[in-house]
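Hi everyone, thanks for coming. Let me put the sequence and the structure on the screen, and then I'll walk you through what stands out.

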Amino acid sequence: MMPHQFFLILYDLILQSSVIITGVPTKSYRLPTEWIQEHTTVVNVSSFKNVDEEALLKIPGVVYVPLVGKVTVAMLERNLMRLYEQFHQHDVRHRQAGQMEKPWYTHPIHLYTAVAVTGLLALELFRK
């Protein structure tokens with residue numbers, strides 16, 4: 001997937017979202033506020049402000065959580081690892097039992113999470 005394709009997908013997903021969580025660990029990243037719809041909740045879990053707070057708060061009905069604590073970030077990371085382990089163990093159990101269900105990545109939210117995390121990691125790696 002080319003970077004511009006990733007941003008088109010991200011743009012489309014953000015337009016449909018009522019909750020947006022930013023966590024890009026760099027000062028240079030900014031979530032474009034023109035992508036954010038009215039009555040959206042935006043939560044920043046990065047130690048950097050990934051959104052223009054002044055422009056964001058001009059959007060009607062937006063709720064903005066500018067920062068969360070280190071414990072919250074640690075819990076998010078722990079939950080991400082648990083989700084990863086559960087989905088991969090789930091596939092192994094079903095393959096062993098011969099009862100293969102639809103793969104985990106056929107559910108839209110799982111695919112979105114995988115694409116978003118992979119894309120952000122790839123962008124960070126290409127930056128270096």
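**Confidence and layout**

In this predicted model, α4 has the lowest mean pLDDT among the elements of the chain, at 70, while helix α2, residues 53-56, has the highest, at 93. In case the term is new, pLDDT is the predictor's confidence in each residue, on a scale from 0 to 100. The chain as a whole averages 79, and 77% of its residues reach 70 or more.

Some housekeeping: because the model is predicted, local features need pLDDT of at least 70 and side-chain atom pairs count only at pLDDT 80 or more, whereas totals for chains, interfaces and linings use all residues. Residues are numbered from 1 along each chain as its sequence is written, and side-chain values use heavy atoms, with hydrogens and water left out.

Now the layout. The chain has 4 helices and 3 strands, in the order α-β-β-α-β-α-α. These are DSSP runs numbered from the N terminus: H or I with at least four residues for helices, E with at least two for strands. Of the 128 residues, 23% are buried; that means under 20% relative accessible area, with exposed being over 50% and partly exposed in between, using a 1.4 Å probe and protein chains only.

The largest pocket has a volume of about 1,600 Å³. Of the 42 residues lining the largest pocket, the closest to its centre are L80, T113, A116, V117 and L120. For the definition, picture a 1 Å grid over the protein atoms alone: a cavity is a set of points where a 1.4 Å probe fits but cannot get out, a pocket is an open set with protein on both sides within 12 Å along at least five of seven lines, and lining residues have an atom within 4 Å of a point. Points are joined across faces, edges and corners, and the volume is the space filled by probe spheres set on them.

Which element gives the largest share of that lining? It is α4, with 13 residues. At least two lining residues each come from α1 (3-16), β1 (19-22), α3 (70-97) and α4 (108-127). By class, the lining has 30 nonpolar, 10 polar and 2 charged residues. Here Ala, Val, Leu, Ile, Met, Phe, Trp, Tyr, Cys and Pro count as nonpolar, Asp, Glu, Lys and Arg as charged, and the others, Gly among them, as polar.

A116 sits in helix α4 and is buried, at 14% relative accessible area. A116 and L10 are 106 residues apart in sequence, yet their C-alpha atoms are 7.6 Å apart.

Next, the rings. The structure holds 1 aromatic pair. The ring centres of Y11 and W35 are 5.2 Å apart and the planes are at 75°, so this pair is edge-to-face. The rule takes Phe, Tyr and Trp (its six-membered ring) with centres within 6.5 Å; planes under 30 degrees apart are stacked, over 60 edge-to-face, and the rest tilted. Y11 is in helix α1 and W35 in the loop between β1 and β2 (41-44), so the pair ties together parts 24 residues apart in sequence.

One last stop: Y64, in strand β3, residues 63-65. Y64 is buried, at 12% relative accessibility. Leaving out residues up to four places away in sequence, Y64 touches V42, N44, V51, E53, L56 and L57, where contact means heavy atoms within 4.5 Å.
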